[in-house]
Structure formats: C-alpha cells, structure tokens
Amino acid sequence: MEERMETLIREMKNGDQRSLARLISCVEDRQAGWKDVMKSIYPGIGKACVLGITGSPGAGKSTLAGEIARRFLDRGLSLGIIAVDPSSPYSGGALLGDRLRMRDISTNPGVFIRSMATRGALGGLCQAARDVMRIMDAAGKDVVLIETVGVGQDEIEVVSASDYVVLVTFPGQGDGIQAIKAGVMEIADLFVVNKCDRDGADVMASEISAMLELSSEAGQERPPVMMTSAFTQEGIDDLCGVLSEFINQKKARGKPQRDHVRNEVLGLLEREMVGMLRERIMENGKLESALDAILEGKGDPYSAAEELMARVHLVRSRPGERKEDTRG
Ligand SMILES: Nc1nc2c(ncn2[C@@H]2O[C@H](COP(=O)(O)OP(=O)(O)OP(=O)(O)O)[C@@H](O)[C@H]2O)c(=O)[nH]1
Ligand SMILES: [Mg+2]
C-alpha cells in the first residue's frame, strides 16, 4: 500500500478527523488504492455498533439522531453519523438542515458527521455505506448512526447492512402505518413513534403493536414499540436504554453473520464481473458490430447478448449440457 495511505490510516486511528475524512473520500470515490485501505482496516473492525435509523421523510430522524448522539457523548462514547441524502445528487441542502439540527453536537470532537449522496454512489450505495461504516469503526467510533429515508430499495438495503434498525414513524404520517413501506417493517428491530407530543401517537403505537402481533409467530420475540418526543424529551432516555442493550448484544455477539458476509462477497464479485465483462465486450468494437447487425435487421438483442458472452468465453450452460467454458 502507498505510504501516504498508511500514514492516513495511522493518523485516523490516532483520532485525526481530517485523515478520517480523507480516507472516506478515497474509498467513496473509489480512488486508486481504495481497496488496499479496506483490506488493511478490515481485520481490526467489528467493534462499533451500527444503528440504522430509517422512516418516512420528516419523521424526525435527524432530530432523534442528534438527541441519541448527545446522550451517548455524555456517557463518553464516540460516534460517527452518516446521513444518506435521498434527494440531492450533491450533498448540499439536506445535510445543511441536518447540521443545524445537530448544531449542539456537530462541534463535539467525539462525533464525526458525514453525508452520502444516494445517486451515483460508485460501487453501489449499499457497499459504499458499508465501507464508510467500517472506516468509522476502524477510526475507533463506538457507535455509528446511519440515517436514511426508508423509501427506496437502495435505502432499505443500506439500513439492512447495519447491526440494528430503528424505524421512526409519527402520528399524522401519510396513511398511518399503511405508509410504512413493505420490506422496512420486516427488518426493524425497534419501532419508534416520534412526535408523541402530538395527538394520535398512542393510537399509532397500538396499531404497530397489533400489526407486529399479527405478523409474528407464537413465541417469537417482537421488537419493542416506543414513543418519543424530541420536543418534550419524553421517552428518549428509554430509547437510549434499549439502544445501549443493542450495543451490548453486538459486543457479545462478536463475529459477523455468515449470510451478511456471503451477500457482500457476492455483491462485490458481481460488480467486478460486470465491470470486466463490459470492458471486454467493448474491446475491438465487438459490441458495436453486434449493434450494427441488429440495426441492419440481421440479428436480435437476445442472440447478440449470447454471442457476446460466448466471445468473452462465458457460456451459460443449458439444462443437460455440461458446465464448462469454451476457452480457446
Ligand atoms: N412536534 C414535534 N416535531 C418534531 C419532533 N422531532 C422533530 N420534529 C420536527 O419535525 C421536522 C422534521 O424533523 P427532522 O429531524 O428533520 O426529520 P427527518 O426525519 O430527519 O427528515 P428528513 O431527513 O428530511 O427525512 C422538523 O421540523 C422538526 O423540528 C418531535 O418530537 N415533535
Ligand atoms: Mg433528516
């Protein structure tokens, strides 16, 4: 690995926030040497507990993240906060708002805040977020909070890469619990009805509890449903209590889950292969000649894709055929 990177990693581990920021950019932008950085830090990670905070727009996720962060900082824990910006292709507006909401913590040296744009994440949003979580972990953060809007599949994947998922809802939210996107409900480890200073919070909480009861099997442990208000501070200490239990559970668990590792390796492999395949298909105008043929009425996209696969020595075996490539 380049000496410059080694120095950055060393400085980051000594608590230098600027080196941390540089390493994140290097990895996020897939700059030369990014993979060496990840390989080098991987053996030491797994100590941080990653808490995903998701929920509909305006549910109060950032405000809650700020409150949680403040309490953890008071207890001497260090934090990384990742705000996945759903709207803007550049990390501008939304983060500015979040910075304001996290005003009283953003200057605390124990916390490091970073935003990530959803669009155009090189290597895929989920992997990019996972990489950033790991760098914060390697930097010695005890807790990483990652905030995403639970709307798109991408964002759901991002939170599912965290250790525990907190789903934030609020009374008056769209169609109530019907507005909770399918797929989010299943991965939540904790439900929070925020803005309980408003009417309807307890109704919402009992609806969620009822739904959880319906969807869970007998004897199965159901995720807790809690009510909070960032305005009156009601329920926030209790929420932090449950989160502390999560942190302890994670510590006790140790090793990552096999399924997660499998998904990640397959995901990385897929990207590598697609990249390689594209490169090789573009070589010597192979793709362009296939396109010419289609446009001249002498071919079709299905055969073209098959032929291109064969030309890069990748042949999909049909049932009954032997699995081997046609090298040569
Ligand atoms: N009444 C009430 N309002 C709250 C509470 N928490 C947050 N809000 C308000 O709700 C609005 C949205 O809060 P945010 O923290 O930005 O919500 P968010 O979920 O991060 O929003 P996005 O990131 O834009 O999806 C703000 O105007 C907050 O002041 C609460 O407990 N009670
Ligand atoms: Mg927010």
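I'll start with the core. The largest nonpolar core has 72 residues, and those that touch the most other members are L23, I82, A129, I135, L145 and I146. A nonpolar core here is a set of buried Ala, Val, Leu, Ile, Met, Phe, Trp, Tyr and Cys residues joined through C-beta atoms within 7 Å. Buried means 20 or more other C-beta atoms within 10 Å of the residue's own, exposed means 12 or fewer, and partly exposed is in between, with C-beta atoms placed from the backbone. Helix α7, residues 125–138, supplies the largest share of this core, 9 residues. Domain 1 (1–44) and domain 2 (45–255) both contribute residues, so the core lies between them; the domain bounds come from an automatic or database domain assignment.

Before going on, the basis. This is a predicted model, where local features need pLDDT of at least 70 and side-chain atom pairs count only at pLDDT 80 or more, while totals for chains, interfaces and linings use all residues. Residues are numbered from 1 along each chain as its sequence is written, and chains are lettered from A and ligands numbered from 1 in the order in which they are written.

Back to I82. Leaving aside neighbours within four places in sequence, I82 is in contact with R114, M116, A129, V132, M133, V144 and I146. Contact means C-beta atoms, placed from the backbone, within 7 Å.

For the protein chain, I have 13 helices and 7 strands. These are DSSP runs numbered from the N terminus: helices are H or I with at least four residues, strands E with at least two. Of the 328 residues, 34% are buried. Among contacts between residues at least 6 apart in sequence, 71% join residues at least 24 apart.

Next, the ligand. Ligand 1 is surrounded by 16 residues, the closest being G60, K61, S62, T63 and K195. The criterion is a C-beta atom, placed from the backbone, within 6 Å of the molecule. Helix α4, residues 61–74, gives the most to this shell, with 3 residues.

Which helix lies largely in the open? That is α11: the number buried among its 25 residues is 0, so α11 lies largely in the open. Helix α11 covers residues 258–282, and at 1.5 Å a residue should span 36 Å; its end C-alpha atoms are 36 Å apart, which agrees. The expected span is 1.5 Å times one less than the number of residues. After α11 comes N284, with a positive phi near 50°.

Last, D202, in helix α9, residues 201–215. D202 is exposed, with 12 other C-beta atoms within 10 Å.

How values were computed:
Contact = placed C-beta atoms within 7 Å.
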